[in-house]
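The stops below are meant to be selected in order.

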Amino acid sequence: MTWVILLVAAVAGVALFMSARRPSTESTAEQTGSTIRRLFQYALLFGAVVLVSIGLSAVLGQAVTINEIAGDRRSLALPLAYLSVGLPAGLLLARWVRKQHLRQPLEAESPAWTLYLSIASITSLIVFVVAALRVLEALFGAESYSGDALARMIVWLAVWAGHWVLVSGAPRQDRLVWHRLAGSATGMVVGTVGLGNTIASGLRQLFDQMSGDLAAANYSWTWRNAVSWLIVGGLVWGWYWMANAIRTDRSSRPFQGYVVILGVLSGLITALVATSGLLYDVLVWLLGDAESSAWKQFESVPGGVAALVTGLWVWWYHRTVLAPERSEGRPEIYRVYDYLVSVAGLVTSTTGATILLVAFFDTFSRQGEVAGSGRGINLVLAAVTALLVGVPVWGLVWLRTQRLAAGSGDETNSVSRRTYLFLLIGVGGTTALISLISVFFSVFQSILGETSNLLRDIRIPLSLVITVGSVAVYHWLVFKRDRVAYPVESSGIRSILLVGATEEVGKAVAHKTGAKVQILERSDDAEMLAFDDVVRALDGQTSARVLVVATGGPPQVVPLRH
Amino acid sequence: MAKNLVEEEDTGMKDRTRTPLIVLAAVVFAAVLGGALYGAFAEPDTYDPTTPEGVVQTYLKAVFDGDELASLDSMTADLADRCQDATSLDYGTDGARAFLDKTTIDNDTATVAIEIRHSSDGIDEWIENETIWLEKSADTWQISQPPWPYWDCVKEQ
């Protein structure tokens, strides 16, 4: 069943990948035919590889199982059937693919082959990692020995290694950067979970010994388990990231996206969540409805400290990988990072402010209250914690982006800023309106005599109207100010065809002019179009459709009929 | 030059108006925080324990404290006997608050309608409306039928 899902995913992935491609020099009919052929060819090859690997793992698993008292050999029937069909089919397909690659070297440059290599490598890596964790846990005594896991580890390691050789020899290494980053992400997630749990279980053991708790759990099992994750994750991350991905082009968008979003942002958010938890524990201990003993109150501290240390390390390390940020022409990914951090801070602070406001209205709507579970003070302290963490995070990032926006139209009109503003205006405005309907509903119910305490009924929607509504209104005002300060330039040109330009130049021209830009590649070695030259050449053009051709000197602009 | 002067004037004006706004925001925040803390620490009104509302209050306080034995004290002997093995008290009271809705007294029987508001995070809330039945014997009100949150009051044989 799993392989069928993987097969379908592979087919869908190829189809999506192909549909997103720019047209090449092949004719459309030829291209469609090749795409369909490649799609089936590599999907079948992938299916055969999976079948053979499952079959081999099961057969080898039986051979290396040492602690079985009585086994049912009939369970081998299905794996043997997989092998009987998958092995010859896989060998034939592999031979056919090899021949094609030898006959047509361009075949190895096709996106379908790149996609096959990426999916097959990452699938085998993930299965290997899961099996290796089980084997290592057994080796450290945290789990019992499993012959199946050992067999899976060996077989899928071999599958991964085989594909790694193919990856290394592939001509389009630039397209394989995604594969290297996906492997790095797998290693980082497993490794950091291992690192966090290793620190947490060590601290918990220390904590319990200090508290003198005789009934305390033994954390050596958790620790051994965590060390297995740390080792496996560390090895995968070391290979994929340290030995490969970090040596690729650091200015590429996938690389920057990985470092900024998966590295810097995820590390920062982990550290902030951990800080909030620790701060909340301290505030409740000092002012709130705390547990009977300090040891019990602070029992989540080891986990919090471990998450804080791990998150800070991930954040700090990935900050050092990024080149120093430039204020002029800074890459869009930095903006994405800034606005995501800003959203995180704003959502946290707005949640805190809403809870606080609800608690405030509660004070005036307690008429008729007979009893409660007495956690009100802890809820207020949770709101204060959210504000203490959320407001500085949002404030620092937002003030910085506001300063950048004040001095640059690029920043003000950037896709990230516009998306950020529209998201907050849209989601905030909708939430506020729905809450307002709820307020009016309760008011009319009260007028019609069906509500015992109006303020009690409306305290939550009213608080949401005030907090989320303020967020929406504030960002609407910011958007309006942005539009006045830096109106989007419109040249009157709606469509531009660039002959001999890079994708980057095409996107920059589209951003500058607001026109739809298409690119045609030249087959000769003529000089490529430069952004500044194109902008200068387009200045004063009145035609809605233009063709721009690189000539070696100033670009030639040809106005086209509608 | 004139434009620069106007800009400087604008900036100066903005800086001057910002401080009172920040002070106002701080005052509003302090008032909201103070009000919220006051409400969080305040105890609910106390009802006369000889009235149906008072009995319900005593019973619900025991329920919210998780004190099963004390909660049985507010019931008739027969009902307490049936409810002593119930396990339903273990569920459904965390983050809850109870409000009196309506009391109806008819000679020696009474019903107290209550509203229970559950919320784990202070923003999402769901409401239960329940009725507690009481009867009066020897001038004392006692709960006579399984009250919220007891739902499995069956005497084991």
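Start with helix H16 of chain A, residues 503–513, where A:Val505, A:Val509 and A:Thr513 are buried. They lie on the same side of H16(A), because they cover an arc of only 50° around the axis. Here the arc is that of the directions from the helix axis to the C-beta atoms. Buried means 20 or more other C-beta atoms within 10 Å of a residue's own, exposed means 12 or fewer, and partly exposed is in between, with C-beta atoms placed from the backbone. Helices (H or I, at least four residues) and strands (E, at least two) are DSSP runs, numbered from the N terminus.

This is a predicted model: local features need pLDDT of at least 70 and side-chain atom pairs count only at pLDDT 80 or more, while totals for chains, interfaces and linings use all residues. Residues are numbered from 1 along each chain as its sequence is written, and chains are lettered from A and ligands numbered from 1 in the order in which they are written.

Next, select A:Glu503 and A:Glu504, which are exposed on the other side of H16(A). Just after H16(A), A:Gly514 has a positive phi of about 75°.

Now go to the contact between the chains, with 28 residues from chain B and 24 residues from chain A (C-beta atoms, placed from the backbone, within 7 Å). On the side of chain B that touches chain A, H1(B) gives the most, with nine residues.

Finish at strand S1 of chain A, residues 369–372, which pairs with S1(B) in the antiparallel sense over three bridges; strands pair if DSSP finds at least two bridges between them. Select A:Gly372 and its bridge partner in S1(B), B:Arg97.

Key:
Two residues are in contact if their C-beta atoms, placed from the backbone, lie within 7 Å.
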